[in-house]
Amino acid sequence: MVGIMSYGAYVPWHRLNRGDCAKAWGGFAIPGERAVAYYDEDSVTMAVEAGMDCLAGWDPRSVDGLFFATTTSPYKEKQCSATMAIPLDLRRDIRTADINTSLRAGTTALALALDTIKAGSANCMLVLVADERQGAPAGMLEQQIGDGAAAILLGNKNVIAEILGSYSMSDELAGTWRSDVDAFVRAWEDRMVLDEGYSKLLPEVMSGLMKKSGLSPKDFSKVVFDPPGDPRRHARVAAELGFQPGQVQDPYALFMNIGLTGCAMAPMMLVAALEEAKPGDKILFAGSGNGADAFVLQVTDAIQKPSERRGLKGHLESKMAMSNYNDYLRWRNLVPQEAASRPDKQHIRLSALWRERKQLLGLWGVKCRRCGTPQYDNGAATTGPIRVCGVCLAQGDFDDYNFARKKATVFSFTQDNLAAVVDPPASVVLVEFEGGGRAFFDLTDRDPAKVEIGMPVEMTFRKVHFDRGISNYFWKARPVR
Amino acid sequence: MPGSIKDRVAIVGMGCTQFGELWGKGPNDLILDAVNEALADAGIEIKDVQAVWSGTLFSGSGGRTVSEALRLQYVPVSRLENACASGHEAVRGAAYAIAAGIYDICLAVGYEKLKDEGASGLPGMENRTNTHYQSSMPGVFAMMATRYFNRYGLSPEEGKAMLAKISVKSHHNGAMNPKAHLRREITLEQVLNAPIIAWPLGLFDCCGVSDGGAAAILVRADMVKSFPNTPMYIKALQICASPTTGRLVTTYDYTHVEEAYRAGIAAYKEASITNPRKEISMAEVHDCFSITEAVTMEDLQFSPRGGVKEDVNAGTFELTGPLPVQPDGGLKCFGHPIGASGIRMLYEPYLQFRGKAGKRQMKNPKLALAHNMGNEPYAPVVSVCIVGL
């Protein structure tokens, strides 16, 4: 029995009122708000967050592979899933792959993971899907698009939703695209794209799968598939297939609060459906883009098991309204800005980052075997892996100790107006971890006015530096979401 | 203690440049101007100097920068770098070489051309992985203030008022010092209403970014009679380097600097001082930020732990108080050309002992303490130098 063992989601904390876009540029405002990845987030960090959410309570060492799906990879050449395996604490002998360039990359990754398990090559595969697409300023896409991520853990035992069947189609249509020199999403006339693409393709793939599986719309509790820019087309497809409105996983909740999250949209809607699913439910699930993938899911009793995950619900509720549209432009580096009058940061040393990848990407410190003190060093001037205990001075007598999933409290802080950061002031905290250990971190996703000594924080994986095309990832603290 | 420097080395000449935004001067000017004044003061020529120790963090390369500026004729020159304690480190190198009997006359020179960095603050420090938190130096020290206020139950207003008085006091003194960078008195209101640099530290809680140079001629103590001026003897020179565990372990309170406390203890022992608050006549401490001066008063045992506020309010550290601190204006008014600061701190007692401190002149100072601190409060290198007649 192969199916979904766990799921997770991530939505950035910051939300932009779409009316603010219209205020800046004029024109029409789509109602609602969209999620905006903070300046230190990208599809990699959002996927890691969703992955951590999905793996809460699971042993990450039991995962045999990681597929990362996105259309907004920070790299054209260099794998992101290999980077992400370290913060997620996956084993080294796993299969990793990045699946890019199509809006159905998420469902494609799911299909590939499913086949990998079915083929006996793996018992457990983690699929992470995230997108941070951009519409050009002043366009409708800028309002429609939002940022977010989903995670699905596939395996062959204790599944909460068995995957009974799948079906895929390929379709050549340049409906939306981005060449390797485009920063923003481009699209052909939407009527043609919707008429000849979306509105034909999704009925075709879903009816194809139902025919193959011997099922009809009445057999399903839910049908889950991604909407196009015009969400009315979504309802039309469902009706055309014969689904009643009550069976349809409504995309509006996501669209109104987060936006269209690219290849993460369908998986995020699936997460929303699973959050409401009951044992015995059948779910028809599809994702589209240059073709489509569809799946039949059968929910099991295991779905009732309580989980530590925050999920889509938890992330939707935890948010901060952005005060203006300018911040969006600044965080995305869409307008030239006066640089802070500070010295430039030094170039990234890739050899040092490689040497300390476990400490930096994994947030692994040590616990002294002699005095029992947990210790973490954040890659400052001279340190790196701790070799001498800071308390009892024992050398090399340590157990590895992970700080990434530890809660912490603020021991001291400052709001630094002199430091050169994208969104001043630089909120910096010295934190103390539950169970011991202390370290300095940048504080992200924060309201500077609300930072205080004793404030509970948790660790979040972020992009801290960009230099010569290299994204440098590390951890920051954030107020507990 | 294996050995002691006490009374074995004397300073017989000193020089100090004007500190400030010296757009028209380069590192060579700072070196030459400071050294020329020191040589003239000691009544010697550069050819009499047998060995040189220089301190700079950013503005030099090895010993060559000084050798080149002075056109030294094939004498040994060492460059020492110990972050903001580099100036004292240069003095230490020269003093120890003399005490070891290797040389009779040495030069210690510290300088920094900070204003060539084109930035409002210190240049970037070494950071191999760029995963360091994004805090400036004011921010790092601000976190000590945040914690200090919390630990001793000071409201932000009370805490900031205590720190403001420290800055007002230093500016009062600095206004009387022609070589200081900032020579204007400030009011409590100005300090409290100034823009925040890093909460809770505002503009006047931070020292300036300045250029400067300072130099000292050191000789064997038994040679002082050959020199024209009153000699100033080194009574103690102690450096304490941090194991940098303050940022790793939860036992560090972030309201004191352990290394300053320990360097102070070692220096008092070397100088045979048992009651520093009574015996020390004046102190020049590393007031890179107002909070640094506050906790340093406690670390050096001038004030009890948590009790500096009472001393600040009582005027203990004012020029007319029982223990003047920063009689020359301190880093607050001189700015902090890193390598120069440690030697600049010795220049003031040198003037005071000789009765040449002008409007700032104290009555009969006997012992002075200079305290230099490099790096962050949780991981510093601290030097304490005690000098006297």
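**Pocket and interface**

Me: What is the volume of the second largest pocket?
Reply: The model is a predicted one. In this model the second largest pocket has a volume of about 810 Å³.

Me: Which residues lining the second largest pocket are the closest to its centre?
Reply: The lining consists of 27 residues. The closest to the centre are A82(A), T83(A), I86(A), R357(A) and L361(A).

Me: How many charged residues are in the lining of the second largest pocket?
Reply: The lining can be sorted by residue class. It has 14 nonpolar and 6 polar residues, and the charged ones number 7.

Me: How much area do chain B and chain A bury between them?
Reply: The contact involves 55 residues of chain A and 40 residues of chain B. Carbon and sulfur atoms carry 52% of the buried area. The area buried between the two chains is about 3900 Å².

Me: Which residue of chain B forms a salt bridge with D377(A)?
Reply: The count between chain B and chain A is 1 salt bridge. A salt bridge requires the nitrogen and oxygen to be within 4 Å, and here the closest N and O atoms are 3.3 Å apart. The partner of D377(A) is R247(B).

Me: Which element of chain B gives the most to the side that touches chain A?
Reply: Helix 4 (137-151) and strand 5 (196-198) of chain B each supply at least two residues of that side. The most, 7 residues, comes from helix 4 of chain B.

Note on methods:
Residues are numbered from 1 along each chain as its sequence is written. Chains are lettered from A and ligands numbered from 1 in the order in which they are written. This is a predicted model: local features need pLDDT of at least 70, side-chain atom pairs count only at pLDDT 80 or more; totals for chains, interfaces and linings use all residues. Side-chain values use heavy atoms; hydrogens and water are left out. Contact means heavy atoms within 4.5 Å. Buried area is the accessible area (1.4 Å probe) that two parts lose on being put together, summed over both. A salt bridge is a side-chain nitrogen of Lys or Arg within 4 Å of a carboxyl oxygen of Asp or Glu. Helices (H or I, at least four residues) and strands (E, at least two) are DSSP runs, numbered from the N terminus. On a 1 Å grid over the protein atoms alone, a cavity is a set of points where a 1.4 Å probe fits but cannot get out, and a pocket is an open set with protein on both sides within 12 Å along at least five of seven lines; lining residues have an atom within 4 Å of a point. Grid points are joined across faces, edges and corners, and a volume is the space filled by probe spheres set on the points. Ala, Val, Leu, Ile, Met, Phe, Trp, Tyr, Cys and Pro count as nonpolar, Asp, Glu, Lys and Arg as charged, and the others, Gly among them, as polar.
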